[in-house]
Amino acid sequence: MTEKALRLGTRRSKLAMAQSGLVADAVSQVTGRPVELVPVTTYGDISREHLAQIGGTGVFVAALREALQRDEVDFAVHSLKDLPTTQPEDLVLAAVPEREDPRDVLVARDALKFTDLPRGARVGTGSPRRMAQLNAYARAHGLDIETVPIRGNVDTRIGFVKNGELDAVVLAAAGLNRVGRSEEVTDFLSVDTILPAPGQGALAVECTAANAALAAELAALDDPHTRAAVTAERSLLAALEAGCSAPVGALADMLGDGQIVKEMRLRGVVGRPDGSALVQLSTTGPVPQTHEQAMALGRELATEMLAQGAAGLMGERAQ
């Protein structure tokens, strides 16, 4: 008798389906069971409002979590940067697979690099975090750009450049890689220029806490370094009391010589969307061995950033 297929809950977007497909293949290999994708429509997918107005990126997650809680799916795959920082007690983050490229990228007309954009160039992004850092970089380097708020999937956003409405758009490298469109990137934005969103490039595989057997199987997909890094980044975000749509960038990376990882560096940035003020700090410590150590690293950096005035740059703090 063939084993019953595992039901994987996913958003319906092309990107979500692509990344869920990758996880489905990996889960099939680990469990020996077939995996079927169950597309779920989330409020974030149907609303045309800007993310900050509809409650940040948690709007992409709620419907998938409800499907899990109602036993309509066995597990769900999220873009980790979409997850609210508080984890529901009845759900478990069973695996954080190895992270894709965390950088932001530019897709510009005429194959332009960011520093080659003409004066007054219109650059589209739906993210206050990207706006703050793009504008701050432009101010510091004598560039003249206008950031334009946009929404929509990868096709829609790149379409704004192709139809001449915008000179460039900024997207996540990981998303373009997963949908096979990385050749359209005209510039990779260094993390020294723009820190990504906390958890950017990583996926989250979630199931119910009650399904301990499945959680144990899914744990085979977990990458400990990725988990430690994103835990620290999300802890920073939570300690700043900022929602997923706040202008907060964070990246934890491993430092070492050759193959030996010795330390983890956590960098954080908060800025006004117009780029007129930024608080950017980093801290380095031993690679966290436990969840609590990773959380502590994030809290420590957040405390330093708040002491330097980060709260005043975030507009309304999440209540």
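**Group meeting: a sheet and a buried asparagine**

Hi everyone, let's start at β4, which is joined by four bridges to strand β10 (residues 203-208), the two running antiparallel. Here strands (E, at least two residues) and helices (H or I, at least four) are DSSP runs numbered from the N terminus, and two strands pair if DSSP finds at least two bridges between them. Within this pair, Val92 sits opposite Cys207 in β10.

A quick note on the source: this is a predicted model, where local features need pLDDT of at least 70 and side-chain atom pairs count only at pLDDT 80 or more, while totals for chains, interfaces and linings use all residues. Residues are numbered from 1 along each chain as its sequence is written, and side-chain values use heavy atoms, leaving out hydrogens and water.

Now the whole sheet: it is open, with five strands in the order β2-β1-β3-β10-β4 and mixed pairing. β2 (35-40) and β4 (91-95) are at the edges with a single partner strand each, so one side of each has no neighbour in the sheet.

On to Asn135, which belongs to helix α4 (residues 128-140). Is Asn135 buried or exposed? Asn135 is buried, at a relative accessible area of 11%; buried means under 20%, exposed over 50%, and partly exposed in between, with a 1.4 Å probe and protein chains only. Its side chain makes a polar contact of 3.1 Å with that of Thr147, meaning a pair of N or O atoms within 3.5 Å, where within protein one must be able to donate a hydrogen and the other to accept it, and residues adjacent in sequence count only if both atoms are side-chain atoms.
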